[in-house]
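The tour moves chain by chain, one selection at a time.

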Amino acid sequence: MQYVGWFFILVGATFSFLAGLGIYRMPDVLNQSQAGTKASTLGILALLVGFSLLNPQASPKLILMALFFLFSSPIASHAICKAALRRNKANFILDSNPLLKEGEVND
Amino acid sequence: MKDEKSLFINIVALLILSFMAFYIYKVSIDTGSGIKITDSITPKMRVADKYLNKNVLNENSTYKFSQTAEDTSANIVTSVVVDYRLFDTTLEVIVLFVTILGFGFVIPKDKRRVKMPSVILYRWAPILMILMLMIGGYMFINGHLSPGGGFPAGAIISTAVLIGVLAGRKTVNHKTLKVVEAVAGISIFAIGIASFFIKGVFFQNFITGDRIGDLFSGGLIPVFYGLIAFKVAAELSNIYFEFYEEC
Amino acid sequence: MINLAIFIAVVMFLGAIWTVLTEDVFKAIVIFGIVSLMSSVMFLLMQAPDVAITEAAIGSGITTALFIFTYKKMEERKDER
């Protein structure tokens, strides 16, 4: 049982680190919020599952914490993206295809 | 004319200061604190004896099931903050009240309509508010058993109201919050004065004989923490309402 | 445990310096929140869970919210001119 708990903690730490790396490398606010929300949600859930396996006495509180985080994280990223759109901080390009040559039109 | 007036004021100030210095010296000799001339002078009255009237070895002692004055609740920080030194805590509550009063002077009176945020936030906010109220309520109800207490519980409950305000839902009436805050503040002092008439000491816990570690233990400690939590939550929610309507 | 304390202290120190020296006000508000979070963890390392909970609730909820309201009012004044 202990090894499964440690494995979950390792997975959670890796995905949290990858979330931070993704936010650093992405060019735009919308891309950054995608990377941050998806990867860090998985990271924190895996960490909490790992903690509850290592310490079964405190597992109801940890599961409640995981539920609370799952409820509140997507709404936070939605609010951030909407605020970024309102301030025109998102320079996303709607219709461009990187495989086209110069002068061709996307139909 | 100016020189005579300033000379007169200086002489009066010197006289007052000398009187104060003499009085402070006399009081320090009487109470035996601070300035120690010799060790043979026994103090007539000590400030600590008037403030702290806790005797554990007496038959009429308040603390039947505890060894010291810091064992009335399972959480030692709670028993110091709410039972041992409740006077300091009430003064801190007064300081918070004066701060919020200052906020009320700074914020102007013109209010505008705020724009409605998105539908997702409007529909999802009550679920988050329920979770936060649950966490805050748990924290001040179990203030005497686990870490936490009334002050962070009030902050968390006010954060629940903040999420409601940011999502466009105004759940609590403005006037209700002011009434709650005033009633909670008056109740704290009323219970303190009542304990003065019952036990003879201001802010003394007059419900005794409980077992340490129960939910209903510690006498008046959960009651005080609940009142403090409501007061702090109402004050901070008032700030959020006024700030959000103004900016 | 002392290595964690040293790491947190270094992060707090650098964060505090960065808050004062940066030019964007919004960045300063966010880094202020990070410094508050680090101090909350430091309180937990000193075995004071009550103070840690209070610092986390107030530093992230109340102080940051009030700063953001003030910043929004600053931006509106700048837009009106």
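The stops below say what to select and what is there.

**Before you start**

Remember that this is a predicted model.

**Stop 1: chain A**

Select chain A and color by secondary structure. Chain A holds 3 helices and 0 strands. Follow the chain from its N terminus, and the elements read α-α-α. Now think about burial. Of the 107 residues in chain A, 23% are buried.

**Stop 2: chain B**

Move to chain B. How many helices and strands does chain B have? The count is 8 helices and 0 strands. Along the sequence, the pattern is α-α-α-α-α-α-α-α. Chain B has 247 residues, and 38% of them count as buried.

**Stop 3: a helix position in chain B**

Select residues 119-141 of chain B. This is helix α5. Show the side chain of Leu133(B), which sits in that helix. Leu133(B) has a relative accessible area of 44%, so it is classed as partly exposed. Draw a distance from C-alpha to C-alpha.

**Stop 4**

Over all chains, the whole structure has 4 salt bridges.

Begin with Arg85(B) and Asp88(B). Their side chains form a salt bridge, 3.6 Å from N to O. Are these two residues buried, exposed or partly exposed? Arg85(B) is partly exposed, at 37% relative accessibility. Asp88(B) is partly exposed too, at 34%.

Now select residues 221-246 of chain B, which make up helix α8. Pick out Lys231(B) and Glu235(B). Both belong to this helix, and they are 4 residues apart, about one turn of the helix. They form a salt bridge, with the closest N and O atoms 3.4 Å apart.

Lys231(B) has a relative accessible area of 8%, so it counts as buried. Glu235(B) is buried as well, at 1% relative accessibility. The cut-off for buried is under 20% relative accessible area.

Which residues does the salt-bridge network link? The network joins Glu181(B), Lys231(B) and Glu235(B).

**Stop 5: chain C and its record**

Start with residues 6-21 of chain C. This span is 100% helix and 0% strand, and its end C-alpha atoms are 23 Å apart. Then take residues 52-71 of chain C. Here too the values are 100% helix and 0% strand, with 27 Å between the end C-alpha atoms.

Now widen the selection to residues 10-75 of chain C. The unreviewed UniProt entry lists them as "domain: MrpA C-terminal/MbhD". This span is 91% helix and 0% strand. Its end C-alpha atoms lie 33 Å apart.

**Stop 6: a loop residue in chain C**

Zoom in on Gln47(C). Where does this residue sit? Gln47(C) is in the loop between α2 (25-45) and α3 of chain C. Look at its backbone. Gln47(C) has a positive phi of about 60°, although it is not a glycine. Most residues other than glycine have a negative phi. Gln47(C) is exposed, at 71% relative accessibility.

**Stop 7: along helix α3 of chain C**

Select residues 49-80 of chain C, helix α3. Show Glu75(C) and Lys78(C). They form a salt bridge, and the closest N and O atoms are 3.9 Å apart. Why are they about one helical turn apart? Because they are 3 residues apart in helix α3 of chain C. Their accessibility values are worth a look. Lys78(C) is partly exposed, at 48% relative accessibility, whereas Glu75(C) is buried, at 18%.

**Stop 8: a positive patch**

Stay in helix α3 and select Lys72(C), which is found there. Lys72(C) is partly exposed, at 34% relative accessibility. The tour ends here.

Technical notes: Residues are numbered from 1 along each chain as its sequence is written. Chains are lettered from A and ligands numbered from 1 in the order in which they are written. This is a predicted model: local features need pLDDT of at least 70, side-chain atom pairs count only at pLDDT 80 or more; totals for chains, interfaces and linings use all residues. Side-chain values use heavy atoms; hydrogens and water are left out. Helices (H or I, at least four residues) and strands (E, at least two) are DSSP runs, numbered from the N terminus. Buried means under 20% relative accessible area, exposed over 50%, partly exposed in between (1.4 Å probe, protein chains only). UniProt positions are given in the numbering used here, feature names are shortened, and annotations may be inferred rather than shown by experiment.
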